[in-house]
Amino acid sequence: MKLPIRLLLTAAVASATLAACAGKTKPPAPATDTSTQTETTTTPPTTGGAYKVGDLDTDSCLRQRIVYFEFDKTDIKSQFQAAISCHAKYLHQFPGARVTLEGNADERGTREYNLGLGERRGNAVSSALGTAGASVSQLNVVSYGEERPVCKEHGEDCWQKNRRVEIVYTAKQ
Amino acid sequence: MTKTLARFTIAWLLVLCASIAMAQGLNSDVPTIDIKNGTATATPIAVVPFAIDGGGLPPQTDVADVIRADLNRCGQFRALPKSDIVEFPTRGEEIKFPTWNMLKQAYIVVGRETQAANGEIRVEFELFDVAKQQRLQGLSISGQASDLRGVAHQVADLVYEKITGVRGAFWTRIAYVTSKGTGTNIAYALMVADSDGFNPQTVVNSRQPLMSPAWSPDGRKIAYVSFERGNSSIYIQEIATGSREVVSANKGINGAPAFSPDGTKLAHTLSNGINPDIYIMDLASRHSTQITKHFAIDTEPVWTPDGQSVIFTSDRSGKAQLYQAPISGGDATRITFTGESNARASVSFDGKKIAMAQGNGNVYRIAVLDRATGETKPISTGGLDESPSFAPNASMILYAASEGSRGVLFAVSADGRVSQRLVLADGDVREPAWSPYRQRGQ
């Protein structure tokens, strides 16, 4: 794990800041076209610097787009909190950005059950992003269950790669 | 006469093999089929090669071969191998019963094929009890020359019913899903084939996942889940015409469709983006009623034969188990208590048996629950077996299994003794669904 501590800290501080800001300023209604203005006026990123759109491809934290899970579990492991905070920060900064959270499961268990499991995982990442500052309207969950394996061997080495939520940007800004 | 017939038989065999080889060379979606195991207690029956009346070229399909394969597959019969057949009677009066007695055959089928009008072939057959030297059945079935396999399956059904007293289910179809590739680069197809895997035809091709095919009770339509709209949606498609419509595309999961026994309703799963529960849609009005309300995953509903309740999978007790709930509303009752997990039920036509995917550790096998005794018995021996589906007469169960890194299908006799494997040359095959009985003209 070569992720610098500085980045982790920045992310933690940023998300705390965002959460605080969101708590103070976020209107109960979902973000509308005025939100961009609200964004620029109320949350000038003072800590850790602002993201640029290009950072999605270059920033080591934002490039982490996959959250992995334990078997039949939906809780997010602590090692993925940093990446979630970065994406939440980015989404907060760019209210026009949209992500689809693609939930997946390994092959064990039946297919329709795994569709449910994949959705639970997608929802877990969605609510974590929401808690960290992203807006509900930016987040979409699709479960693919076990229908989109990245590998097909029968064993934990492969299964752990398939138990995942992929964060897919459908709009970058 | 006998020699001429023997020569014909060999020629037929070669033609049959050649046509199978060609079909497989041309189309990798054609499954290869082999039969594993055998059973000593099965009833011995001789199916003599049928005569071809009126000369001409022998048809591509050897009707007797198809009947023999059908009877072997179901586990209740052991057909005398063609190579052990030494006499070739084609009518009852030509049968020398001592020969077949000596070969320890309980029954013998003889028959002949005649060219009929409008390109049809008429297949006449007779079934005899060898010990009693008694004619049990004499019937004829006609069909297009191109559908001689279908005609042969119908003959096998009639023979099966005459001897066992149970309607045969060889002249039926199976639906299944195939996939090739991994990750986002997967090609999916929903296929329909004869119950023995022959004559596969594509119902839908998709670059997005296809799941959970379910037959309408008249066998004309299939409901399935497709992701081609970006999220799971339920489609109902007419097989013959290909016309289809989306019947459910709500936020979240739209899954696990199952037609009611009378075909007027569709049980399915909706999550509304929150959590999967069981719903029942009235197909005429498209109005859906919620049947379960639980924070657990409730899914994979199937109907009891009376149409009054659904059996479904739920992890409300921690691990997946099967539950039954009345469709009129009311509490769900847990019905499986052996095995760490039980899911994806298939109910026999009489409601007496429930097949399911049972998990113990990392081993998943098909088990059958006898509802009268409460006993559950495993009927498969793989490690990742799933998606059981009863034949309409409950004599066999289809299921999906893993071999290496690919998915294959097995058709196993209800007692688990005889299994037939369907394998694709390239890619996975899974989620088999056995059709209802076919109606003629379908």
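Reply: Start with one pair of residues: Tyr68(A) has Arg164(A) in S4(A) as its bridge partner. The model is predicted, so local features need pLDDT of at least 70 and side-chain atom pairs count only at pLDDT 80 or more, while totals for chains, interfaces and linings use all residues. Residues are numbered from 1 along each chain as its sequence is written, chains are lettered from A and ligands numbered from 1 in the order in which they are written, and side-chain values use heavy atoms, with hydrogens and water left out.

S1(A) and S4(A), the latter covering residues 164–171, run antiparallel and are joined by three bridges. Two strands pair if DSSP finds at least two bridges between them. Strands (E, at least two residues) and helices (H or I, at least four) are DSSP runs, numbered from the N terminus.

The whole sheet is open, with four strands of chain A in the order S1-S4-S2-S3 and mixed pairing. Strands S1 (66–68) and S3 (139–145) of chain A stand at the edges; each has a single partner strand, so one side of each is left without a neighbour in the sheet. On average, neighbouring strands of this sheet are turned by 20° against each other, direction ignored. Axes are lines fitted to C-alpha atoms, for helices over the stretch in contact, and angles run from 0 to 180 degrees between N-to-C directions.

Two helices of chain A belong in the picture. H4(A), residues 81–93, lies across S1, S2 (98–104), S3 and S4 of chain A and runs at about 20° to S4(A). H5(A), residues 111–131, also lies across S1, S2, S3 and S4 of chain A, and runs at about 155° to S3(A). Contact means heavy atoms within 4.5 Å.

The contact takes 25 residues from chain A and 46 residues from chain B. Chain A and chain B bury about 2900 Å² between them, 53% of it on carbon and sulfur atoms. Buried area is the accessible area (1.4 Å probe) that two parts lose on being put together, summed over both. Arg111(A), Glu112(A) and Lys152(A) supply 24% of the area that chain A buries against chain B, more than any other three residues.

Across this interface the rule finds four salt bridges, a salt bridge being a side-chain nitrogen of Lys or Arg within 4 Å of a carboxyl oxygen of Asp or Glu. Glu147(A) forms a salt bridge with Arg430(B), with the closest N and O atoms 3.3 Å apart.
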